[in-house]
Structures are given as C-alpha cells and as structure tokens.
Amino acid sequence: MGIQTTWRRGLKALVVARGYATVAASPRVPQTVIEKVVQRYAVDWPAGKSVRAGDYVMIRPEHVMTHDNTGPVISKFKSIGATRIHNPKQLVFTLDHDVQNKSPKNLAKYASIEAFARQHGIDFYPAGRGIGHQVLVEEGYAFPHTLTVASDSHSNMYGGIGCVGTPIVRTDAAALWATGKTWWQVPRMIKVELKGKLPPGVTGKDVIVALCGYFNKDEVLNGAIEFTGDGVTALSVDDRLTIANMTTEWGALAGVFPVDEVTLDWYERALKRLELRTFSSPGLASSNPAPPEHPRINRTRLDALRATNLRSDPDASYASHLVLDLSTLVPHVSGPNSVKVSTPLPVLEWKRIPIQKAYLLSCTNARASDIAAAAAVIKGHKVAPGVEFYVAAASSEVQLDAEKRGDWETLVLAGAKPLPAGCGPCIGLGVGLLEDGQVGISATNRNYKGRMGSPNAQAYLASPAVVAASAIKGFIAGPESLDPAILPPAGAPTFSLITPAQDKASSSESAAADEPVLEGFPATFAGPLLFAPQDNLNTDALYPGKYTYQDDITLERQAEVVMENYDPTFAGLVASIRKEQQQSSDPSVKQGVVLVSGYNFGTGSSREQAATALKSAGVPLVIAGSFGDIFKRNAINNGLVCIESPELVADLTAEYAKDGKRGAGGKDGELTVNKGHSVDVKVVEGRVEVRWPSGETRTYTVGRVGASVQELWVCGGLEGYVLKSIKEQTA
C-alpha cells in the first residue's frame with residue numbers, strides 16, 4: 001500500500017491547475033496506446049516524461065459521468081465547501097438505475113438532480129433516455145482516444161470504441177466537480193490477443209464469458225487490457241462494447257479495442273444518423289441557415305481521428321500476454337452465481353436446467369443488434385409457460401431502432417414484458433427480480449449471489465440469442481439456428497498465457513524506506529480477527545444493491561446490513577465483539593475488528609458503501625490476499641485501511657477453511673470464522689502480529705502505509721482532504 005510521494009504531490013495539486021500534458025513527442029520509453037491516451041490527460045506532469053504503468057498521475061478527464069448516485073455526490077460536493085463547478089461541460093448526469101421507481105421520494109430526488117444540473121449548466125439526461133454508458137457512447141462523450149470516467153464500474157465499456165474508460169467513486173466525482181482533476185494509478189498493461197474468427201452463432205458475449213471463465217486466476221486483476229490480434233477485425237462494435245463492458249467482471253480497470261476501420265465506419269454511420277436526427281444535413285440544399293453540428297460527433301472530429309490515429313509502440317511493455325483462438329469457441333454460459341464459472345452451452349443444454357425468468361437488458365447486451373438477435377430466435381414462438389421474459393433497451397434511441405425494424409413488437413407479441421430503458425433488474429431494482437429458489441438466465445453482466453434478487457436464487461449469463469431460446473423452451477438452451485455440424489467441438493476453446501504476470505508490488509513496497517507516522521495517525525491497528533474464507537467477495541456481498549440508492553441511509557444502518565448477502569450474521573457478530581471490546585487509552589493504537597479474507601476482495605461495482613459500511617461497523621482495517629482496485633480506491637478515499645498478506649490468508653485457509661480451500665466456509669460450516677485470534681497491525685512498519693488461540697504468535701511482513709494514505713486517513717478521507725485544501729487556498 002505504500003503509495004508514492006508523487007501521488008502526494010499530486011494530491012497537493014488538486015486545487016491548482018497548470019495545464020494539460022501532451023503525448024511525448026519522443027518518448028524515452030515505448031508506450032502502449034492506453035499509456036499514450038493517459039499522457040494526453042495527465043496534468044502537472046514533468047515535461048518530456050512518459051507516462052507508464054504504475055505511475056500515480058493527476059488526470060483531467062474529458063468527461064465524468066454520474067447517474068442516480070449524483071445525489072450523494074452533490075452532498076459531498078457541498079460538504080467539502082465547494083460552491084462552483086470547475087468545468088460544467090466536463091460533467092454528464094444520466095438517470096438510469098431506479099427508473100421504475102415512481103415514488104414521491106425518488107421523483108423528488110430525480111427532480112433535485114435535474115435542478116442542480118440546470119443551475120450549473122451541466123448536460124442532463126432524464127430517466128427513460130437510457131443507461132448512462134450507452135448514452136455516453138451514442139452522444140460522443142466517450143470518444144476514441146479520450147479518457148472518460150464514470151462513477152460506475154462499467155465505464156470500462158467505453159473501450160469498445162477505443163476510449164479509455166475507467167471507474168471512479170463518488171468521492172472522486174465530487175473532487176472532479178470542484179477541481180476538474182483526481183488521482184489515478186496507471187494500471188499494469190495486459191495484452192489480450194484474439195486470433196481467428198468466431199464460428200456462426202457465437203458472439204462477443206461468448207468471448208467475454210469464456211475469458212472470465214478460463215482465465216479465472218486473477219490474470220487481469222487491476223490491469224488495463226489492450227485487445228489485439230487478427231480476430232479483432234471480425235468483431236462488430238457492438239460485440240466490442242459487450243466484451244469491454246464485462247472486462248469489469250474479469251477484474252480489469254479498462255479494456256480497450258483498437259480504433260480501426262470497423263470503428264471508423266461505425267462512426268460514419270453514427271454521424272449520418274445524427275445529421276438526420278436533429279443536426280446538420282450537408283447534402284440538403286436550403287435557404288435556411290444550417291443547424292449546428294453535433295458538439296462531439298462531427299466531421300471535423302472524425303477527420304482528425306483518422307489523421308492522428310494512435311497505436312501502441314511495437315516494443316511497448318506488457319505485464320502479461322493472453323491468447324484466445326476465437327475459431328475454437330462455442331456458445332458459453334456463465335454461472336450459476338459466478339462469472340468465473342463458464343460452461344459450454346451444449347453441456348448445460350443436455351442437463352435441461354429449468355428457468356423461471358429470463359432477461360434481455362443492461363448496458364452489456366441490449367443494443368439494437370442484441371434485440372434483433374433475440375427477435376430472430378423468438379419469432380413464431382411464445383414464451384414458455386411458467387417463464388417471465390423481461391426486456392429493456394439500453395437507450396430510448398435503441399428502442400426506437402428496434403421498433404422501426406419490428407423486433408420490439410416481435411418480442412412483446414411473444415410474451416416478453418417490456419421495461420423502461422434503464423438498469424432495473426440488473427442492479428436488483430424494480431419488478432421481475434429473482435425470487436427464492438428460482439433460476440434465471442440473463443444477458444446482463446453480473447450474476448453475483450443476490451444481485452438480481454434473492455440470494456437463494458441462481459443466475460446464469462448468456463448471449464441474447466441463448467436467453468431468448470431459453471425463454472421459449474423453458475430451460476437453458478441454444479437457438480435452433482445453431483448448427484453443431486459447423487461449430488467446433490463442445491469443449492474448452494484454445495487459450496494460452498504466453499507471459500505470466502509478475503506482480504512486484506508487494507516486494508517493492510516491503511523494500512521501501514521506513515515511512516514516518518503522521519500526527520493523528522495510529523501506528524497500530526489492533527483487535528480480534530475474523531476470517532471470511534472466500535475469494536472474490538464482491539460488493540453485492542459486502543453491501544446489497546437494494547440499499548445502494550437509498551441516499552438517506554445512515555452509517556449506523558449501513559453497519560447493520562454490512563455483509564448481508566454473504567453472511568447475515570456478520571453485522572451482529574461484529575457488534576457483539578465491539579460491545580465487549582475494551583478501548584485503549586493509547587492514541588497510537590486504533591482498536592476495532594480486523595477482517596481477513598481471500599483474493600480480489602471487493603470486486604464488483606463502484607459503490608463506496610462497501611467500504612463505509614465495514615468502517616461504520618467497527619472494522620477499521622481489512623487484510624486480504626489482494627483487493628479489487630475500485631474497492632481499494634473507495635477504501636483509501638474513505639479512511640478504511642487495506643493491507644495485503646497472502647501468507648496470513650494461506651495460514652488461515654489451511655487451518656480453518658473447509659477442506660483447506662476458500663469458497664465453502666469454515667470447517668464447522670460457518671461463513672465467518674471466529675476462533676479467538678487477536679492481531680496487531682503495525683501499518684507503518686509493515687508488520688502483522690497474529691496471536692493464535694494456542695498462544696503462538698506469528699509475524700507477517702506486509703506493505704507499509706505511506707504518508708499519502710495516512711494524510712487522507714487523518715483528514716477523514718479524500719472529501720476531508722479537498723475541504724482542507726480549499727480552506728488553505730482561501731486562507
């Protein structure tokens with residue numbers, strides 16, 4: 001965790017703007033296309049220095065999007081003492097998550113967000129216009145070779161059109177509103193080579209489901225993926241958007257496709273549609289003045305893109321190189337309840353797994369081509385008895401296209417239940433959620449336990465065609481058009497890892513010089529140790545989605561529901577321990593409950609409550625094998641300390657996990673192991689001392705907590721830091 005002093009200088013510069021960096025004319029080291037794009041948006045960066053993976057940079061993104069979480073960001077913006085939006089044109093508001101909710105409370109929330117947008121001159125898209133990520137692509141806020149961020153984990157989707165899209169969290173958004181900038185650590189670069197051509201009936205959804213399932217050992221965790229290879233050219237932009245979207249579930253922070261003729265042709269068609277919609281039509285003679293060009297998708301910008309197309313340097317450096325042969329891929333299904341489990345469709349079809357619900361919606365697979373694919377499968381059929389099939393377009397523009405082509409009517413006449421353009425069931429909001437004991441198949445991006453309804457339901461993910469076929473057959477199945485004779489064998493596709501990733505972070509942090517202890521920061525975190533023997537403990541498990549958009553929920557209430565979808569007894573257990581815990585009078589010691597878990601802790605969405613709920617419950621520090629980067633960012637921004645210790649996780653797993661493996665609870669069947677361990681975490685010294693029930697003390701070396709993180713902790717998080725900076729500048 002030893003965050004470098006360069007970031008600390010960057011934080012100091014949050015309220016001081018000097019100007020953009022540019023792509024280095026003669027970079028001292030080769031760069032990937034992602035590094036080159038980040039260089040364009042780096043500020044306060046030394047002239048002539050090339051941005052590289054691992055660097056902490058201050059970035060000024062092209063755009064920053066918030067959705068239903070805009071309300072809490074407004075509160076944060078005001079609480080830090082900010083009164084003026086730094087650059088209103090940088091911001092985009094899209095209401096898309098809870099659009100089915102017509103309660104006075106939610107309507108008032110939406111109205112207040114719109115009023116704030118009007119007051120400050122911010123671009124605003126109301127409920128019903130569509131899912132924010134789709135809107136940003138349609139309206140050009142996400143554009144090739146730009147850097148656009150969103151307070152939502154699926155901003156990776158922008159990589160489908162060659163835009164570096166990456167998630168931020170609510171606190172970052174507030175800082176961006178106030179200053180135009182925030183911090184980012186450039187992820188490690190990962191090359192994913194797609195070879196060959198997809199067989200008929202195999203889609204982009206099958207590609208990413210297979211990648212998540214076969215490369216499921218954190219090969220891309222917290223990395224930035226660059227897709228390459230001859231297989232890319234045969235993928236449509238819609239397929240690319242789907243794949244990039246779910247690089248989030250794969251564990252990456254960005255997934256970027258090249259800007260090639262496929263991309264440029266897509267923009268030419270988009271430009272024609274926009275000209276016919278409301279903007280200029282150069283081919284039409286008129287005595288009236290020509291209407292203005294679209295502000296972001298226009299001829300000037302497309303010509304400039306063709307003239308200055310960025311590419312990775314031939315000798316650019318990558319942490320790892322993964323290869324998938326598309327020609328060996330058959331349709332795949334993800335799940336149940338995990339994207340890391342991927343099964344060839346023929347295997348599941350043979351099992352005839354009955355379903356009760358099917359979903360064609362979300363930013364992943366609800367574009368016009370997806371709806372057309374489902375309509376082609378379902379035409380002439382009816383949704384099977386006992387099955388509910390829910391359909392929502394990714395945007396109002398998509399729905400209009402589907403209606404014009406007759407695809408929307410085909411689905412509705414077959415018995416599909418239409419929902420408004422928005423997230424809905426994908427995030428566990430609105431009608432049609434999975435109930436206890438039900439099985440659902442969905443074209444969405446996440447099938448985490450409890451995300452789409454009951455934690456006692458099972459959720460599978462598949463392509464729109466497979467979802468539609470399953471809806472009419474009543475069990476998980478492929479469409480009749482799939483011809484086994486022209487598909488490759490129904491097994492695992494050909495894939496390989498050419499260059500294994502080598503994560504040097506832990507060793508470099510351990511070798512770092514001793515960090516000073518800032519005044520007000522505890523040198524030691526101490527308390528009882530609880531162990532959750534689970535890898536990929538996701539944000540839905542840590543903090544259920546049904547609470548995420550209750551903006552008035554208190555920290556006390558967050559503490560009561562923390563880990564509810566993983567272990568409903570967790571909050572009560574922590575509360576009882578905290579009640580009996582004797583507090584130390586030593587200000588250098590912070591007491592609480594220390595939680596230890598497995599790898600990729602906090603993977604999933606960008607909800608910051610996953611961090612604040614743990615902290616509010618009395619967990620000031622989490623130890624894990626590794627962390628999802630978005631969660632770690634939320635934790636740092638909110639003063640929850642994160643420490644990585646694979647050795648401690650391994651010892652606890654061997655001693656207490658069922659069958660010595662994480663994923664099935666403890667040996668006694670418990671989801672949270674509480675055996676009486678106590679721990680002292682010397683965060684600045686980089687040492688963890690665990691006292692086992694036997695009386696033995698084991699010591700583990702870990703990364704140190706640097707001065708930057710300490711300072712954020714002392715200030716109460718990034719929000720408090722920005723407030724302090726604003727006050728200092730005013731003074």
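Buried, in this talk, means under 20% relative accessible area; exposed means over 50%, and partly exposed lies in between, with a 1.4 Å probe and protein chains only as cover. Helices are DSSP runs of H or I with at least four residues, strands are runs of E with at least two, and both are numbered from the N terminus.

With that, take helix α23, residues 629–638. Of its 10 residues, 9 are buried, so by our cut-off the helix is mostly covered. The buried set includes Asp 629, Ile 630, Phe 631 and Arg 633.

A word on the model. It is predicted: local features need pLDDT of at least 70, side-chain atom pairs count only at pLDDT 80 or more, and totals for chains, interfaces and linings use all residues. Residues are numbered from 1 along each chain as its sequence is written, and side-chain values use heavy atoms, with hydrogens and water left out.

Now the whole protein. There are 26 helices and 28 strands. The C-alpha trace spans about 80 × 60 × 55 Å along its principal axes. How does the radius of gyration of 25 Å sit against a compact globule? A compact globule of 731 residues would come near 27 Å, which agrees. That radius is taken over C-alpha atoms, and the globule rule is 2.2 Å times the number of residues to the power 0.38.

Burial next. Of the 731 residues, 60% count as buried. The accessible surface is about 26,800 Å², and 52% of that belongs to carbon and sulfur atoms. Areas come from the Shrake-Rupley method with a 1.4 Å probe; for residues, only the protein chains shown count as cover. Contacts, meaning heavy atoms within 4.5 Å, look like this: among those between residues at least 6 apart in sequence, 75% join residues at least 24 apart.

Back to helices. Gly 180 follows α6, and its phi is positive, near 80°.

On to the sheets. Two strands pair if DSSP finds at least two bridges between them. Strand β9, residues 188–195, runs parallel to β10, residues 223–228, with 6 bridges. Met 189 faces Ala 224 of β10. Between β9 and β10 the chain goes through helix α7, residues 204–214, and this β-α-β crossover is right-handed. Right-handed means that, with the strands pointing away from the viewer, the path from the first strand over the helix to the second runs clockwise. β9 also pairs with β12, residues 320–325, again parallel and over 6 bridges. There, Leu 194 stands opposite Leu 324.

An antiparallel case. Three strands make an open sheet, in the order β1-β2-β8. β1 (42–43) and β8 (182–185) are the edges, each with a single partner strand, so one side of each has no neighbour in the sheet. β1 joins β2, residues 56–59, through 2 bridges. Val 43 has Met 58 as its bridge partner in β2.

Then β18, residues 439–442. In a regular strand the side chains alternate between the two faces of the sheet. In β18, Val 439 and Ile 441 point one way, Gly 440 and Ser 442 the other, and all are buried. β15, residues 357–360, runs parallel to β18 over 3 bridges, with Tyr 359 partnered by Ser 442. β19, residues 458–461, also pairs parallel with β18, over 4 bridges. Val 439 stands opposite Gln 458 there.

Finally, the loops. Thr 146 sits between α5 (132–138) and β6 (147–150). Is Thr 146 buried or exposed? Buried, at 5% relative accessible area. Leaving out residues up to four places away in sequence, Thr 146 touches residues including Val 37, Tyr 41, Glu 62 and Arg 301.

Backbone checks. Gly 335 to Pro 336 is a cis peptide bond, omega near 10°. Pro 336 lies in the loop between β13 (332–334) and β14 (342–344). Asn 536 is not a glycine, yet its phi is positive, about 55°. Asn 536 is partly exposed, at 24%. Asp 659, also not a glycine, has a positive phi of about 60°. Asp 659 counts as exposed, at 67% relative accessibility.
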